[in-house]
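Subject: Structure for you to look at

Hello,

Here is the structure I promised to pass on. Please open it first, then read my notes below.

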Amino acid sequence: MKNKILQIIYDLRTQPVIGWVTIIGTALSIFLIMIVVMMQQISILSYAPETKRDRMLYGLHIHIEGDGNETGSSALSYNLAKQLYGDLDGIEDISYNSEWLTPTDAKGTTGKPYTVDLHKTDDGFWRVYEFNLLEGRYYDAAEVAAGRKLAVITEKTARKLFGDENAIGQHFMLDHNDFEVIGIVADVSKFATMAYGEVFAPITSESWSEIFGDIGVAMLVKPGVDFEHIRNQVKGRYAVVDGELAADGRQTVYHEAPYDQETIASGVGGSNITPDPDSGRYTRYVIYAILLIVPAINLSSMLHSRLRRRVNEIGIRRAFGCTRKRIIKDILSESFIITLIGGVIGLVSAVIFASYYGGLFSDFGTASVRPSLSMLIRFQTFAFALGACFILNIISAAVPAWQASRLNPVEAINTK
Amino acid sequence: MALIELNGIEKVYRTKEIETTALENINLTVDKGEFVSVMGPSGCGKSTLLNIIGLLDKPTKGTVKLLDTDCSLLGDTALSHFRNANIGFVFQSFHLIPSLNVAANIELPLTYRSGIGAAERRRRVDEVLERLEMTHRKRHLPSQLSGGQCQRVAIARAIVGQPSIILADEPTGNLDSTMGAEVMDLLHDLNRKDGITIVMVTHNEAQAQQTDRIVRFFDGRIIS
């Protein structure tokens with residue numbers, strides 16, 4: 001190992017351009033890959049308040065075909081949401097909450113108008129997600145059923161509406177209605193797309209039609225329960241709804257609901273199409289492959305140049321008993337060390353870049369949305385970066401290493 | 001007892017246009033502990049012979065037997081292990097690895113040998129360095145050494161694995177006469193005290209005369 005590091009230092013000293021271009025090229029490649037990985041990670045891995053993403057299923061839309069009224073596709077009415085997703089076997093907890101956030105005007109004691117992202121929820125919302133309650137309490141089932149004008153707000157919203165005053169018990173205007181603050185939670189990242197909001201208030205069961213409304217369903221599946229078990233039950237419920245709609249010449253179109261986190265992350269696409277997480281996955285794999293293969297070809301030619309300067313040395317090593325396998329192993333491991341150096345630079349750059357330009361990671365398109373370091377730096381991040389380095393190294397170094405191992409020792413020794 | 005036996009060795013280099021015979025019907029036996037010089041004009045096949053004895057090159061025809069092993073039958077990996085265990089090379093241009101310091105250069109053959117731990121490798125390197133009076137240069141890079149010192153390091157590298165055979169290709173060719181004499185003394189010392197069999201290619205008649213036997217080459221053939 002020591003000799004390999006000495007060799008790398010020597011290479012960098014004697015062939016600085018090739019050496020540094022190799023390291024920077026590797027760093028750039030790992031940087032790009034890690035940006036893609038982190039984008040994916042942020043949308044898939046769990047973090048507060050969406051701490052159980054691996055067990056979450058979401059029922060979002062309904063698509064109705066046929067003649068007559070109420071055909072088309074949209075979010076669910078409260079009643080239909082309950083009919084399709086209520087009391088399913090294998091569900092630990094469920095929340096009916098507004099599928100869309102509503103930008104709503106709010107005014108607190110500071111007197112300054114402030115537009116907040118309003119997320120209407122039921123009491124189950126506080127159980128399927130894990131918010132960090134800083135002060136006060138959440139609203140309960142009775143308060144939701146009674147349609148009480150209560151609100152849980154984020155820390156930042158509390159400051160905007162009430163300045164330095166204690167917000168608990170304070171009243172504020174929300175879309176011209178008087179609401180009382182009963183709880184304050186830690187700010188929620190916009191990356192937590194399903195749980196995000198600035199003000200949370202009890203949802204009402206009123207909907208603008210029997211079928212369509214603004215409800216989305218978030219379900220926490222019991223540990224060990226297969227998602228297909230849930231989907232099969234939901235499919236059965238769709239059949240029941242179809243029976244009710246048949247008299248009007250209408251029917252539902254089932255789009256594989258409810259959706260897991262990966263499907264949500266790939267983009268559900270629309271209420272009248274079946275999401276295809278596989279296509280998103282394949283696209284990702286293609287991106288990874290391009291991001292690995294293109295730089296690998298360049299790195300391979302760099303390594304080839306570096307090895308050309310070491311032909312004589314390879315011949316000497318062969319003379320003193322180094323086997324072909326060992327030549328390959330030594331070149332791959334030397335190259336892996338360089339790839340790792342580049343990989344660390346690339347990973348650190350990616351984390352710094354991602355924490356400052358988080359807007360690139362979301363649909364929100366605002367640079368002000370920044371993922372926290374805890375979202376970006378995970379065990380999976382390091383594992384993926386290490387894996388990417390390893391693959392990059394194999395792709396870029398395998399051919400030059402193999403060629404070096406096939407050198408004729410006599411010709412190699414006599415190479416100046 | 002014969003340590004090196006070459007029987008009917010022929011080496012032909014073929015290209016699309018031309019066929020060159022480098023060695024023709026070479027039969028040579030070198031006994032254990034012998035110090036043999038190989039002499040002849042440039043291009044007569046001396047180095048090719050040394051490469052074939054050193055198992056770096058394969059003959060077109062004939063058999064190479066070293067230490068009673070028919071090396072013609074060995075595959076590439078077995079040849080590497082055989083070289084590592086039994087043969088040490090000393091080259092005219094030293095061929096030290098520029099990125100490694102003196103100790104690491106000398107240690108090189110041992111790193112390819114299984115069953116020798118780092119501590120044992122270090123012990124052997126120190127022993128050889130002391131014998132060749134190069135301990136004070138242990139941490140120097142080859143670029144910081146004189147030609148004579150480089151060749152001493154090269155010899156140290158050749159003997160650290162305790163080989164039975166040393167193949168030296170014009171070991172004093174790049175050295176002045178004083179340094180050359182020192183290197184020759186060293187080789188004689190290894191031959192006499194350690195019983196290492198040495199085959200040395202040289203253009204220097206005086207140095208050849210100091211060895212046990214001179215094999216003279218001309219146009220790929222042994223003439224005496």
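One caution first: this is a predicted model.

**Chain A overall**

Chain A holds 14 helices and 13 strands. Its radius of gyration is 29 Å, well over the 22 Å that the globule rule gives for 416 residues, so chain A is more spread out than a compact globule. The C-alpha trace spans about 90 × 55 × 35 Å along its principal axes.

Domain 1 covers 2–47 + 278–413, and domain 2 covers 61–258. The centres of domain 1 and domain 2 of chain A, taken over C-alpha atoms, are 45 Å apart.

How much of chain A is buried? Of its 416 residues, 40% count as buried. Take the contacts in chain A between residues at least 6 apart in sequence: 78% of them join residues at least 24 apart.

**Strands in chain A**

Start with the open sheet of three strands. Its order is 3-2-13 in chain A, and the pairing is antiparallel. Strand 3 (72–75) and strand 13 (250–252) of chain A are at the edges, each with a single partner strand, so one side of each has no neighbour in the sheet. From one strand to the next, the twist averages 25°.

Strand 2 (residues 61–66) of chain A pairs with strand 3 of chain A over four bridges, in the antiparallel sense. To find this pairing on screen, go to A:His61, which stands opposite A:Ala75 in strand 3 of chain A.

Next, strand 4 (residues 91–98) of chain A. Six of its eight residues are buried, so strand 4 of chain A is largely enclosed by the rest of the structure. Strand 4 of chain A pairs with strand 12 (residues 215–221) of chain A through seven bridges, antiparallel. A:Ser98 has A:Ile215 in strand 12 of chain A as its bridge partner.

Then look at strand 10 (residues 177–185) of chain A. Which strands does it bridge to?

- Strand 7 (residues 133–136) of chain A runs antiparallel to strand 10 of chain A, with three bridges. A:Glu135 has A:Ile184 as its bridge partner there.
- Strand 8 (residues 150–154) of chain A runs parallel to strand 10 of chain A, with five bridges. A:Thr154 stands opposite A:Val185.
- Strand 9 (residues 171–174) of chain A runs antiparallel to strand 10 of chain A, with four bridges. A:Leu174 is partnered by A:Asn177.

Strands 9 and 10 of chain A also form a hairpin, with two residues between them. In that turn, A:Asp175 has a positive phi of about 50°.

**Chain B overall**

Chain B has seven helices and ten strands. Its radius of gyration is 17 Å, close to the 17 Å that the globule rule gives for 224 residues, so chain B is as compact as a globular protein of that length. The C-alpha trace of chain B spans about 50 × 40 × 40 Å along its principal axes. Of the 224 residues, 46% count as buried.

Chain B has an open sheet of four strands, in the order 2-1-4-5, with antiparallel pairing. Strand 2 (19–31) and strand 5 (69–70) of chain B are the edge strands, and each pairs on one side only. Strand 1 (residues 2–14) of chain B meets strand 2 of chain B over nine bridges, antiparallel. There, B:Ile4 stands opposite B:Val30.

Is helix 1 of chain B buried or exposed? Eight of the eight residues of helix 1 (residues 46–53) are buried, so the helix is largely enclosed by the rest of the structure. Among them are B:Leu49, B:Leu50, B:Ile52 and B:Ile53, along with B:Lys46. Just after helix 1 of chain B, B:Leu55 takes a positive phi of about 60°.

**Where the chains touch**

In the contact, 21 residues of chain B meet 17 residues of chain A. On the chain B side, helix 2 (76–86) and helix 3 (102–111) each supply at least two residues. Helix 2 of chain B gives the most, with six residues. The touching residues of chain B divide into nine nonpolar, eight polar and four charged.

Best wishes

Note on methods: Residues numbered from 1 in each chain as written. Chains lettered and ligands numbered in written order. Predicted model: local features only at pLDDT ≥ 70, side-chain atom pairs only at ≥ 80, totals over all residues. Pairing = 2+ DSSP bridges. Axes fitted to C-alpha atoms, helices over the stretch in contact; angles between N-to-C directions. Rg over C-alpha atoms; globule rule 2.2 N^0.38 Å. Buried ≥ 20, exposed ≤ 12 C-beta atoms within 10 Å, placed from the backbone. Contact = placed C-beta atoms within 7 Å. Nonpolar A, V, L, I, M, F, W, Y, C, P; charged D, E, K, R; others polar. Domains from an automatic or database assignment.
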